[in-house]
Amino acid sequence: MRTPKHLKRALWIIALLFVAGNAVRLLAVPESFGQFGEFRGAHLSEERERDPVHRGSEVCGECHDERLEEKNNGAHGPIPCENCHFQPYAGDETHPEAHPEISQSPDRSQRACLTCHQYFPARPQAFPQLANFPEHIATNGPKLKKDDVGAHTLCVHCHNPHDPKIDLGQNG
Amino acid sequence: MVVAIPKPGWAQRIHDIEVGEEIPDWLDHYWVYLIDTTKCIGCGACVRADKRENGVPPMFFRTWVERYQITEDNHVHVDSPDGGYGGFLPEDLAQLLTSAEKDPAGPGRGGGKGKNKVTKGFFVPKMCNHCRNTPCTQVCPVNASYQSPDGVVLVDKTRCIGCSYCVQACPYGSRYIHPEKHTADKCTWCYHRITKGLMPACVTVCPTGARKFGDLKDESSEIKKLLATQRLNVLKPELNTEPFCFYIGLDQSVR
């Protein structure tokens, strides 16, 4: 039986579309697409290849073990070194030979301390906060029995950032 | 001047450290995030850490912190200066330090009177909610954005064409188009860290433990216990996006 000409032509067109469609699909769809779902499967491992930037306090402790111990035993124990020693704002370039990626010297200004300890109505009330710096100096300064307390303008003049709590019961 | 044999550099050394010797298989995990707004002090350490860890360009955010202040006249004041990147300090420090003279109660403490008095305030950290029913991945025309089998919504930057449909679809505003790469970018829960057994950068730096992260498939994990015992809420539950970023102590004024 002879196949009608119009059917033959339609079959050819269908075959051609099938081949062309698959060729485009082969070229355009990435290899691992659909491996785990409707996405490029290789991206999962690509995404996790990157090295972490924050390495935690233990890396700092490899050299600065005394500092780390002091911090861990103090009130700032849960805070990783990177919180203060990584600078949020540029302009700090000390300690370049050991680890150029981080700026070692932290911001010693009040701004650095008050980022956490400035009083705000929105802050949890149990958290230690400072509403009034002159008042704080006036009430607590004399207890330290230092002569020049009145001249102090930075938190770090009295408080050690690694172990900030001052035990007035023993010293004062 | 001390002459000594130099120790290997920090950058050189970190490549030698094997973080979590064996890389865990993502099929063994299901990640979940928990934010305790009652503990957040709004220091912005998470925002700074996120920017460093992921190289987020200025004025774009993968995570940010909002401050809510409700005054006596029932007005809700929300602000987030620079996403909380520099914390929430008053601009003029000198003014802050001398403001005691002007306002005997101290700045913010009953500051102003009557209408401006803050009766309730809190900080709300925000980020991608890694929804189960994601509006953002559904609209992606090239399947560049997807949900990984361990529950993290990711963007394949080699496939993304930067059409920004997903940026519009996200009801939480968690996505942005990277100004240089011109592709969509968003929080990945630090996928490069969590698959190495570390916590996301924002969780590691949080000084008060307001941000928690963990594995639902780990029966002994802290997050599993917290999720089972705490009173939870999610952002915009009415949208049925099923977020997997849960909140403790979320006020109804938070949007």
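What share of the 172 residues in chain A is buried? Buried residues account for 20% of them, where buried takes 20 or more other C-beta atoms within 10 Å of a residue's own, 12 or fewer makes it exposed, anything in between is partly exposed, and the C-beta atoms are placed from the backbone.

A quick word on ground rules. Residues count from 1 along each chain as its sequence is written, with chains lettered from A and ligands numbered from 1 in the order in which they are written. The model is predicted, and local features need pLDDT of at least 70, side-chain atom pairs count only at pLDDT 80 or more, and totals for chains, interfaces and linings use all residues. For the complex, the predictor reports an ipTM of 0.79 and a pTM of 0.81.

Back to chain A. Of the contacts in chain A between residues at least 6 apart in sequence, 38% link residues at least 24 apart; a contact means C-beta atoms, placed from the backbone, within 7 Å.

Chain A splits into domain 1 (5-45), domain 2 (55-106) and domain 3 (108-172), with bounds from an automatic or database domain assignment. Where domains 2 and 3 of chain A meet, domain 2 puts in nine residues and domain 3 seven residues. Helix α4 (residues 65-73) of chain A supplies the largest share of the domain 2 side, four residues. That side is made up of three nonpolar, three polar and three charged residues (nonpolar: Ala, Val, Leu, Ile, Met, Phe, Trp, Tyr, Cys and Pro; charged: Asp, Glu, Lys and Arg; polar: the others, Gly among them).

Now over to chain B, where the mean pLDDT is 81 and 79% of residues reach 70 or more; pLDDT is the predictor's confidence in each residue, from 0 to 100. Residues 1-24 of chain B stay under 50, with 25 contacts beyond four places in sequence. Residues 91-114 of chain B also stay under 50, and have 28 such contacts.

Take a look at helix α2 (residues 45-54) of chain B, which is mostly covered, with eight of its 10 residues buried. Among them are B:C46, B:R48, B:D50 and B:E53. The cover includes α5 (82-85) of chain A, plus β2 (63-71), β4 (118-127), α7 (201-205) and β9 (211-215) of chain B. Just past α2(B), B:G55 adopts a positive phi of about 60°.

Notes: Helix = DSSP H or I, 4+ residues; strand = E, 2+ residues; numbered from the N terminus. Contact = placed C-beta atoms within 7 Å.
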